[in-house]
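Biologist: Could you walk me through this model? I would like to go through the side-chain pairs and then the overall layout.

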Amino acid sequence: MVTSRYVIGALVLIIAIGSLVAGCGAPGSRQQAGTGIGAVAGGITGGLIARNAGFNPVGGAVIGAVAGGLVGSAIGRSLDEEERRQLALASEMAAEQPVVKSAPPKKVQWKRTNPQTNTVTASGWVVPKSEPYQKPDGTTCREVTQSVSKNGQTQSQDVTLCRTEVAQADGSNWVIPQ
């Protein structure tokens with residue numbers, strides 16, 4: 001039986017590792033956000049898997065946090081400016097989808113084509129994972145899943161997007177909160 005002391009310790013460790021690993025990207029960058037989100041999600045998942053398998057959940061959380069941080073960082077780092085813009089616009093379209101109780105949310109697909117060679121350099125999709133919700137400060141947020149394929153590799157991550165009053169440089173009104 002795992003005591004709450006171990007669970008709390010594991011969560012503190014996950015957040016600390018996520019913060020340290022997230023510092024590897026440029027401040028405010030999608031790479032940094034992806035690293036932090038991936039580390040936290042990986043840490044929680046690793047801890048749960050280890051606990052359910054009868055192993056030390058803290059060790060599982062540490063391994064999961066490192067692995068999740070690396071995957072999340074790779075998504076943000078591998079995309080060029082136009083690919084990031086396409087991902088941001090698809091994310092905004094997914095976040096703006098109305099909630100239809102009788103139908104699953106739709107995937108918003110995107111792709112970046114090199115105009116000189118007419119080849120796809122990256123592609124992916126974004127789908128809402130939750131209904132929109134209000135934070136205590138009144139900000140509207142929504143969970144989405146982003147999937148990116150580039151150079152023969154596909155990576156997915158769940159992110160929280162929050163609506164801003166002013167459009168960002170990529171044209172989106174939805175940002176990953178820091």
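**Side chains and layout**

Modeller: Lysine 107 lies over the face of tryptophan 125, at 4.1 Å from the ring centre; a charge counts as sitting over a ring if NZ of Lys or CZ of Arg is within 6 Å of the ring centre and within 35 degrees of the ring normal. This is a predicted model, in which local features need pLDDT of at least 70 and side-chain atom pairs count only at pLDDT 80 or more, while totals for chains, interfaces and linings use all residues. Residues are numbered from 1 along each chain as its sequence is written, and side-chain values use heavy atoms, with hydrogens and water left out.

Biologist: And how many aromatic pairs turn up?

Modeller: The search of the whole structure finds zero aromatic pairs, where a pair would require ring centres of Phe, Tyr or Trp (its six-membered ring) within 6.5 Å, with planes under 30 degrees apart counted as stacked, over 60 as edge-to-face and the rest as tilted.

Biologist: Fine, let's zoom out. What is the order of the elements from the N terminus on?

Modeller: The order is α-α-α-α-β-β-β-β-β-β, which amounts to four helices and six strands; these are DSSP runs numbered from the N terminus, with helices (H or I) of at least four residues and strands (E) of at least two.

Biologist: How much of the protein counts as buried?

Modeller: Of its 178 residues, 38% count as buried, and here buried means under 20% relative accessible area, exposed means over 50%, and partly exposed is in between, with a 1.4 Å probe and protein chains only. The protein exposes about 10,200 Å², of which carbon and sulfur atoms supply 60%; the areas come from the Shrake-Rupley method with a 1.4 Å probe, and for residues only the protein chains shown count as cover.

Biologist: Back to charges. How many salt bridges does the search find?

Modeller: Six salt bridges are found in the whole structure, each being a side-chain nitrogen of Lys or Arg within 4 Å of a carboxyl oxygen of Asp or Glu. One of them joins arginine 112 to aspartate 80, with the closest N and O atoms 3.9 Å apart. Arginine 112 lies in strand β1 (residues 108–114) and aspartate 80 in the loop between α3 (57–78) and α4 (81–95), so this pair ties together parts that are 32 residues apart in sequence.

Biologist: Are those two partners buried or exposed, or something in between?

Modeller: Arginine 112 is buried, at 19% relative accessible area, whereas aspartate 80 is partly exposed at 29%.

Biologist: Which residue does lysine 150 bridge to?

Modeller: Lysine 150 forms a salt bridge with glutamate 83, and the closest N and O atoms are 2.8 Å apart. Because lysine 150 lies in strand β4 (residues 140–150) and glutamate 83 in helix α4, the pair ties together parts that are 67 residues apart in sequence. Lysine 150 is buried with a relative accessible area of 17%, and glutamate 83 is buried as well, at 1%.

Biologist: What about arginine 85 and glutamate 82?

Modeller: Their side chains meet in a salt bridge at 2.9 Å, N to O, and the two residues are three apart in helix α4, separated by about one helical turn. Arginine 85 is partly exposed, at 31%, and glutamate 82 is partly exposed too, at 24%.

Biologist: Switching to covalent links, which cysteines are joined by a disulfide?

Modeller: The search finds one disulfide, defined as a pair of cysteine sulfur atoms within 2.5 Å, and it joins cysteine 141 to cysteine 162 with an S to S distance of 2.0 Å. With 100 degrees about the S-S bond, the link of cysteine 141 and cysteine 162 is right-handed. Cysteine 141 lies in strand β4 and cysteine 162 in strand β5 (residues 153–163), so the pair ties together parts that are 21 residues apart in sequence, and both cysteines are buried.

Biologist: Last one, on the backbone: where is asparagine 118 found, and what is its phi?

Modeller: Asparagine 118 is found in the loop between β1 and β2 (119–128), where its phi is near 60 degrees, a positive value in a residue other than glycine; asparagine 118 is exposed, at 64% relative accessible area. Asparagine 151, in the loop between β4 and β5, also has a positive phi, of about 55 degrees, and counts as exposed at 69%. Most residues other than glycine have a negative phi.
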